[in-house]
Amino acid sequence: MTDIQQLVGELVKKHGTKREKLLPILQGVIEKERSLSDYAMIEIAKQLGISAADVYGTATFYSFMDTEPRGENIIRVCKTITCFMKGKNQILLALEDALKIKLGETTPDKKFTLLETNCLGWCHKAPAMLINDEIYTDLTIERVHEIIGEYKNK
Amino acid sequence: MGKNMLKRIDLIFKNEHDTDEILSKIFKRSNDDLINDLIGSGLKGRGGAGFPTGLKWKLTSEAKDDEKYVICNADEGEPGTFKDREILTQVPHKVLTGMAVCGRIIGAKKGFIYLRGEYNFLKPHLNEEIDKFHAILKKLGSDFRIEIFSGSGAYICGEESSLMESMEGKRGEPRNKPPFPTEKGYLGKPTVINNVETLAHAWTIFKYGPKKFRDLGVQDSRGSKLFSVSGDTPIAGIYELELGMSLQDFVDDFGDDDCKAVQVGGAAGFCVPRKKFRETAIGYQGKLTGISLPTGGSMMLFNSSRSMYNVLKNYLEFFEEESCGQCTPCRVGCQQLLEGIEAVKRGEKHQHYLNKLLRLSETMKMTAKCGLGQSVANSFSSIVENFREEMIY
């Protein structure tokens, strides 16, 4: 049995095979693997008894369900209006500089992926970004370098 | 700023933790009595749509089915809104109480909090609160149970029928209405779905009676409301204010003395230029004189350093990405509006093309399946009409 088969098996055991458990199962795979491989989606489809197309169609609807390989730490910079007004472009440049990658890319050591996202709900403390589930607000260029430094040392 | 024209209200975040006492008092009262309190308070949905909450609970309680559900909509995705996160952080027990009372009234045994994926960091704390709350319910002999359902990054899932599709393990695409969730909601069962803030207000109404709430606000717009204030303001944050306030008073309190426009209700809302601050009131459309604008609480201020073209472009990029793609007017309309204003700005299209785009946005308003596609016209027409020159030059 492969790792993915085992992971999906555990998730199905925890949540059950009802269709309304599909999102929690997909989220469980993302939590471990950071993204959904074709193989994982086919495995989920098999174990839930639905078509792989159904799983793929559902997963790709949601912006946090990546089907491309992602790094261990996924950075999502808010690009919506208030963060845009309060300098998210500078924050993005600082991140590109700190990570030596462009927006949308993953570092060669697979440690970081840099993405943008829509409103994170921190407009009063803009600019803001998520790293995995952690929120960082009132960002400055210096702060970005500090945060990335901390993650690099983890 | 700082003129303090508006009275600050302190109900939602008021530090009260007597959940046991309140629930045991409520559970001794009849369902009709409780619904009458809710209807009498004049509370309307605080997510922005403004459906009377008491009526929603009453309709669902009358629906005949052995299974029913309560859902707390915590998919707070409207740009410029961040109050629900704060409610769930500071006073989650008030929201849980609202859900449990709703469950008792309508006859539901199960409640869900649909929490947006962006707020996943709230889960550990919220789950602890839910466990504590379940212990209280058990003591009172109630078997109502609440669990969190996580979203995964989709604005449209804040729309109630999309949210239910998403909970059913599908793409979050809106359903046709009717039937409304009060008849056929989650898994086809009668469902009450309320915004986080609406449920927290229910606490105040059941604890203090409907009058305390009703005495706030004006005419059809009763009670207080949380406002998420952001943009060009020295005091960005969350404020509880009375409904019915004048936008001029709001700007006097929160603006930076250079405010040229306020976006009321987020990207899906309306942009009000300075010359209309005085005649605009914040509340549900009804008997208010002048213009009255509803809002889920998003108030974004823009000063004279901002280009309204950039603001509109940012909104349209947002809608183009977040449109679920199910219906053509919204899917294609959002793309065409965005491409259209870019072409006019670059001089590739004559400025009269803006009129064509305005007609397109009106068509979207009439023909899009859900509130997302219908509301793009709000910000589009209010920005293009009031700041036309900024769109062109």
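**Domain contact and nonpolar cores in the predicted model**

Between them, domain 1 of chain B and domain 2 of chain B bury about 850 Å², of which 68% lies on carbon and sulfur atoms; buried area is the accessible area (1.4 Å probe) that two parts lose on being put together, summed over both. The model is predicted, and local features need pLDDT of at least 70, side-chain atom pairs count only at pLDDT 80 or more, and totals for chains, interfaces and linings use all residues. Residues are numbered from 1 along each chain as its sequence is written, and chains are lettered from A in the order in which they are written, while side-chain values use heavy atoms, with hydrogens and water left out.

In chain B, domain 1 spans 19–214 and domain 2 spans 308–392, with bounds that come from an automatic or database domain assignment. Their contact (heavy atoms within 4.5 Å) takes twelve residues from domain 1 and eight residues from domain 2. On the domain 1 side, B:Tyr155, B:Ile156 and B:Pro174 lose the most area, together 55% of what that side buries.

The largest nonpolar core comprises 74 residues, and A:Ile44, B:Phe302, B:Met308, B:Phe319, B:Phe380 and B:Met391 have the most contacts inside it. Such a core is a set of buried Ala, Val, Leu, Ile, Met, Phe, Trp, Tyr and Cys residues joined through side-chain atoms within 4.5 Å, where buried means under 20% relative accessible area (1.4 Å probe, protein chains only). A second, separate core of 47 residues includes B:Cys72, B:Ile87, B:Val196 and B:Leu199.

Methods. Buried means under 20% relative accessible area, exposed over 50%, partly exposed in between (1.4 Å probe, protein chains only).
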